Amino acid sequence: MLERLFKLSERNTNVQTEVMAGITTFMTMAYILFVNPSILGSAGMDKNAVLLATAIGSAAVTMMMGIFVNYPIALAPGMGLNAFYAFTVVIGMGISWQVALGAVFISGIIFLILTLTQVRQLLIEGMPNSLKHAITVGIGLFITIIGLKLSGIMNIRLSLIPPTLEKIVAAKGNGSPLSFETIIELGKLADHHVLLAVFGLIFISILMARKVKGAMLFGILISTLVGIVMGVVNVPAGFVPVAIPDFSNNAFLALDIPGAISMGLTTIIFTFTFVELFDTMGTLVGTTSKAGLMKKDGKIPGIGKAMLVDATGVSLGAALGTSTITAFVESAAGVGAGGRTGLTAVVCGGMFLLALFFTPVVGLIPDAATAPALIIVGSLMMESVKHIDFGDFTEAMPAFMTIIMMPFTYSIANGISFGLVLYPLLKLITGRGREVHWIVYILAVLVVIRLFFLA
């Protein structure tokens with residue numbers, strides 16, 4: 001049955017590898033179960049209700065991606081979008097969280113319309129191959145930056161001059177330091193957290209070099225055990241691994257769609273839609289490419305179904321009581337562990353449901369144990385750089401900007417935006433405008449309008 005449903009042999013994989021990959025993906029993104037309630041809780045939402053919505057929504061949509069699309073891609077409430085939802089929309093604009101959920105739901109409906117009318121599929125088909133490969137590389141570096149920060153191997157230090165410090169204090173912690181006040185440096189290697197991450201990085205690298213199946217999963221588990229011995233992981237007194245979830249306290253169907261419409265939240269809905277559009281496009285392109293699902297002509301079989309599931313997930317998440325559910329870039333960890341089919345996603349989705357009953361255990365896994373897996377996945381995704389023609393500047397520069405803007409601005413959408421503007425511009429100036437798909441010109445104009453609007 002599994003062979004017939006997921007085509008395991010056709011994609012050169014097996015059940016054991018897919019299960020390992022699914023658990024690995026879950027391990028690298030399990031943090032969302034604790035981070036999302038914390039962020040949305042600051043906006044006045046009940047943390048237990050958000051935890052339920054996060055786990056159930058992630059499980060449902062991830063399983064849909066696995067069963068209906070056969071992609072090894074997991075979905076969950078997106079980081080960045082949840083912060084925008086909580087701090088900008090609810091806290092900053094004074095809008096109730098119920099109305100904000102209504103705006104998220106509407107953005108999901110817009111996605112469904114764009115998908116059913118083939119617009120989203122056309123966007124990916126029209127994307128130049130050089131940019132598709134650049135997206136894969138950029139996401140690899142983006143994942144690496146996340147891993148380096150979580151591990152503490154990379155440290156960002158502030159050295160603020162008095163005027164800047166006064167401004168930030170006056171703004172209650174919000175503000176932008178001057179360029180020379182932010183210093184990126186090597187973390188404190190003597191710190192036990194950093195030492196554990198370095199151990200995990202070396203240990204997983206050795207297992208990968210020896211071609212041990214499940215290397216990343218074993219690395220995460222062993223690092224967690226070592227972390228307990230080192231004192232990095234604190235097992236609380238009276239620790240009980242199993243906890244019964246409280247379903248009585250939830251935010252199911254608490255969204256206020258009429259409120260979102262009556263308040264005319266066009267700007268908010270547009271922002272949700274735009275960022276989700278490019279984030280998902282980048283994650284789908286990058287992950288499917290690494291999984292070997294992208295054809296030589298740049299086409300990705302089943303991309304329409306994947307987008308349909310993704311769009312459904314946005315509205316479903318809002319109905320359950322969480323911010324935008326989107327394709328997770330950490331899915332690449334499972335792909336790096338050998339995941340090639342939807343069985344990886346189904347296993348990951350099942351882990352989200354199980355996590356509701358084992359939140360104490362999941363909570364023990366430290367960032368220092370999962371971060372090395374993200375760094376290693378980043379190295380695996382660098383392979384796509386060889387497909388970019390750096391001898392042609394009209395191809396090289398847009399690809400380069402796409403790659404570097406993702407990690408250095410901490411946004412997949414920003415990287416794609418810069419590439420989409422530069423690519424048609426350079427082609428036009430050099431008299432090669434006909435090489436560009438017409439949809440790319442439209443996207444470039446939309447990107448410029450968005451950047452101008454944000455400015």
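**The nonpolar core and its surroundings**

Mentor: Happy to! Of the 103 residues in the largest nonpolar core, Phe26, Tyr71 and Tyr85 touch the most other members. A nonpolar core here is a set of buried Ala, Val, Leu, Ile, Met, Phe, Trp, Tyr and Cys residues joined through side-chain atoms within 4.5 Å, and buried means under 20% relative accessible area, exposed over 50%, and partly exposed in between (1.4 Å probe, protein chains only). Helix 4 (residues 47–69) gives the most to this core, with nine residues; helices are DSSP runs of H or I with at least four residues, numbered from the N terminus.

A word on the source: this is a predicted model, where local features need pLDDT of at least 70, side-chain atom pairs count only at pLDDT 80 or more, and totals for chains, interfaces and linings use all residues. Residues are numbered from 1 along each chain as its sequence is written, and side-chain values use heavy atoms, with hydrogens and water left out.

Now look at Phe26. Not counting residues up to four places away in sequence, Phe26 touches Leu33, Cys348, Met351, Phe352, Ala355 and Val362, where contact means heavy atoms within 4.5 Å. There is also a second, separate core of 10 residues, which includes Ile388, Met401, Met405 and Leu426.

Next, find Ser331 in helix 15 (residues 331–336). Ser331 is buried because its relative accessible area is 0%. Leaving aside neighbours within four places in sequence, Ser331 is in contact with Thr25, Pro72, Ile73, Ala74 and Thr287. For a contrast, turn to Gln118, in the loop between helix 6 (97–116) and helix 7 (119–126). With a relative accessible area of 47%, Gln118 counts as partly exposed.

Finally, the domains. The assignment, automatic or from a database, gives domain 1 (9–152 + 187–238 + 251–454) and domain 2 (153–186). Their C-alpha centres lie 28 Å apart, and 13 residues of domain 1 are in contact with six residues of domain 2. About 650 Å² is buried between domain 1 and domain 2, with carbon and sulfur atoms giving 73% of that area; buried area is the accessible area (1.4 Å probe) that two parts lose on being put together, summed over both. In domain 1, Leu148, Lys149 and Gly187 lose the most area to domain 2, together 58% of what that side buries.

Key:
Helix = DSSP H or I, 4+ residues; strand = E, 2+ residues; numbered from the N terminus.
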